[in-house]
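Let's take a friendly walk through this model together. Have a look at the sequence and the structure first, and then read on.

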Amino acid sequence: MIHELGPNRPPERFYRGGRAIAAFRGEASAAEREPEDWIGSVTTVRGEAELGLTRLPDSRLLRDAVAEDPVSWLGAEHAARWGADVRLLVKLLDAGQRLPVHAHPDDGFAGRHLGCRHGKAEAWYILEGGTVHVGLTREVSADELADLVRSQDVDALLGLLHTVRVEPGDVVWVPPGELHAIGEGVFLLELQQPEDLSILLEWEGFAIDGAAEGHLGLGFDRALAAVNRRARRVEELAELVRPAPVRGSVFPEAADPYFRLERLPVDGQATVAAGFSLLVLVEGSLVIDGARAAVGSTFLVPASHGPVEVYGVGELLVARPPAP
């Protein structure tokens, strides 16, 4: 069977947001610092035992259910290659304020220095537009970057990044190491590797002690080594930011080893192919596997369920792990 998932918003995050998520899900209100809804999560907030994990309708943790029967949940091929490692975290993210300039480590760095299975590649599907900042406009030396962090020269840090206007239906690919910041008012669906690993280069105005917590416990000298300091030419931005196709796979091929997202418009009837997936209804009203669903509904589909039949008029986003 498939599982409809309710909200899963870790409280008291270090930046503001949450109203757009509440409106999307048809809720009355939201706390000031609940800017993320972790959908189908087997990942905890860094340093926490259970915070961030998804509970199934029967109260079991999804993490535990998958560990008990990875073949049923993830499929035989996935389980043969990766065991019970889901290899995916999906979030709704509402930037109630501009996020700080930051980056995430790649797999190698995370494994060597943090003992983690994964780094943190991520990509976004824009639901409400605004401004994003991504990729360096010029190459930056390690010493210059470290000096900007020490001085907390926020204007200079932000000025290093390309500023791009995004609209609903655009996608943004953020490879590991790429500096980026999401602008205030942007609401998006984020797919990422299942880790909570961020290297913060700024923290003024945020509810976090960045000098103590922004370097993942490594010290900035080591943490900043995970940051890509190479410039992105304006022409290269098309590799990172672009409109999504109207149907089918929406992220660039470079994201495929990490996760996949499909855009599925429905006008009458459609089928979601078999396989572990997370479904997010972003437009219209649909009947999904016999259950009526409105905008903001989210569903978890085990691989053992097989194809999912969908009826009505609307649009689904279908998030999946990488193909095994």
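**Charged pairs and paired strands**

Arg-232 is buried, with a relative accessible area of 9%; buried means under 20% relative accessible area, exposed over 50%, and partly exposed in between (1.4 Å probe, protein chains only). This is a predicted model, in which local features need pLDDT of at least 70 and side-chain atom pairs count only at pLDDT 80 or more, while totals for chains, interfaces and linings use all residues. Residues are numbered from 1 along each chain as its sequence is written, and side-chain values use heavy atoms, leaving out hydrogens and water.

Which residue forms a salt bridge with Arg-232 at 3.7 Å? That partner is Glu-239, which is partly exposed at 44%. A salt bridge here is a side-chain nitrogen of Lys or Arg within 4 Å of a carboxyl oxygen of Asp or Glu. Both residues belong to a network of salt bridges that also links Glu-178, Arg-230, Arg-233, Glu-235 and Glu-236.

The count of salt bridges comes to 24. Among them is the one between Glu-50 and Arg-55, with the closest N and O atoms 3.3 Å apart. Glu-50 is partly exposed at 40%, and Arg-55 is partly exposed at 45%.

Now turn to the strands, which are DSSP runs (E, at least two residues) numbered from the N terminus; two strands pair if DSSP finds at least two bridges between them. Strand E14 (residues 260-272) runs antiparallel to E13 (residues 248-249), joined by two bridges, and antiparallel to E18 (residues 308-320), joined by 13 bridges. Follow Arg-263 in E14: its bridge partners are Gly-248 and, in E18, Leu-317.

Note on methods
Helices (H or I, at least four residues) and strands (E, at least two) are DSSP runs, numbered from the N terminus.
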